[in-house]
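Work through the exercises below with the sequence and the coordinates open beside you. Try each task before reading its solution.

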Amino acid sequence: MRHVLLAALIGLGLAAFAGEAVEVPAIRVPAPSPKLSISESFLTGLGMLPDDVKKVEAEVARLNEQRASLLKKLDVARKDLLDKQKDLADALKALDDQEKALDAFVATHLPKDKEQDYTVRKQLQPVVDWLKLKDDKVAELLTKQKAQADTVAKAREAAEAAHKALLALRDAGAPETKDQIEAYKKARDAYTTAIKNYSAATQTWLDNIESVLTDEQKLVWRTRYRRTASPLDLVPPPAKE
């Protein structure tokens, strides 16, 4: 569920908006070759003398004797890593479930027409507290963000779906046929478009915050924002080309 925007910088307000459980990305463990090898023709082609070739071959043999045990250690470490990743993911989900349970509990004690106000106000509260916004400004901002919240959520979901589709094609292996190459290109283009749409939606969310600030508050906001703005893990980026 979430590292983003080819470059969308997220400030304090959006960080609150995006405060959901983070999916733990799988760590790809390289698969080393079972044995080391260097061909004799390769070495002689480089001008290596026969005696030195034999020394290299002996060194390769010595290292390969150690390699089997190292590969076994790698397998054990890989399994431990997967187990720990699952434990971490389970712990994060449990913590996220607690927050959702609390939100649901609070919602049952609110007037029906205030449930959406609670969801958006919770996301904005860090900004409200930090900048000490007056009640009239809070009300104005709440109205703007309620109108934008659904757009941001849908754009985020679309970016996540496009990312998963792209990863599925990558995990299937390098595209080889014309149809596979075309499918990969379409998936990559769809992901790029979704990220741009999400970036635009989140920028509007940030612009809405700034629109209700006084000049003094804008100065504080922009100064703090420049210091803290950084890509937030909202949508996992595609693996490097």
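The exercises that follow concern helix packing and helix shape in a predicted model.

**Exercise 1.** Determine how helix 4 and helix 5 are oriented to each other, and which residues make the contact.

*Solution.* Begin with the axes: helix 4 (residues 115-131) and helix 5 (residues 135-171) pack with axes 10 Å apart, at an angle of about 120°. Angles of 65 to 115 degrees count as roughly perpendicular and those over 145 as roughly antiparallel, and the two helices are therefore oblique to each other. Their crossing is right-handed. On the side of helix 4 the contact is made by Gln-116, Asp-117, Val-120, Arg-121, Leu-124 and Val-128, and on the side of helix 5 by Val-138, Leu-141, Leu-142, Gln-145, Lys-146 and Ala-149.

**Exercise 2.** Carry out the corresponding analysis for helix 3 and helix 4.

*Solution.* The axis of helix 3 (residues 50-107) comes within 10 Å of that of helix 4, and the two cross at roughly 140°, which makes helix 3 oblique to helix 4. The crossing is again right-handed. Glu-99, Asp-103, Val-106 and Ala-107 of helix 3 meet Glu-115, Tyr-118 and Lys-122 of helix 4, a contact that divides into 3 nonpolar, no polar and 4 charged residues.

**Exercise 3.** Describe the course of helix 5, and state where its kink is centred.

*Solution.* Helix 5 has 37 residues and reaches 51 Å from its first C-alpha to its last, which is close to the expected 54 Å. Its kink, of about 35°, is centred on Gln-148. After helix 5 comes Gly-173, with a positive phi near 115°.

Key
Residues numbered from 1 in each chain as written. Predicted model: local features only at pLDDT ≥ 70, side-chain atom pairs only at ≥ 80, totals over all residues. Heavy atoms only, no water. Axes fitted to C-alpha atoms, helices over the stretch in contact; angles between N-to-C directions. Helix = DSSP H or I, 4+ residues; strand = E, 2+ residues; numbered from the N terminus. Parallel < 35°, antiparallel > 145°, perpendicular 65-115°, else oblique. Left-handed = near helix turned anticlockwise from the far one by under 90°. Contact = heavy atoms within 4.5 Å. Expected span 1.5 Å × (residues − 1). Bend = angle between axes of the 7 residues up to and from the residue. Nonpolar A, V, L, I, M, F, W, Y, C, P; charged D, E, K, R; others polar.
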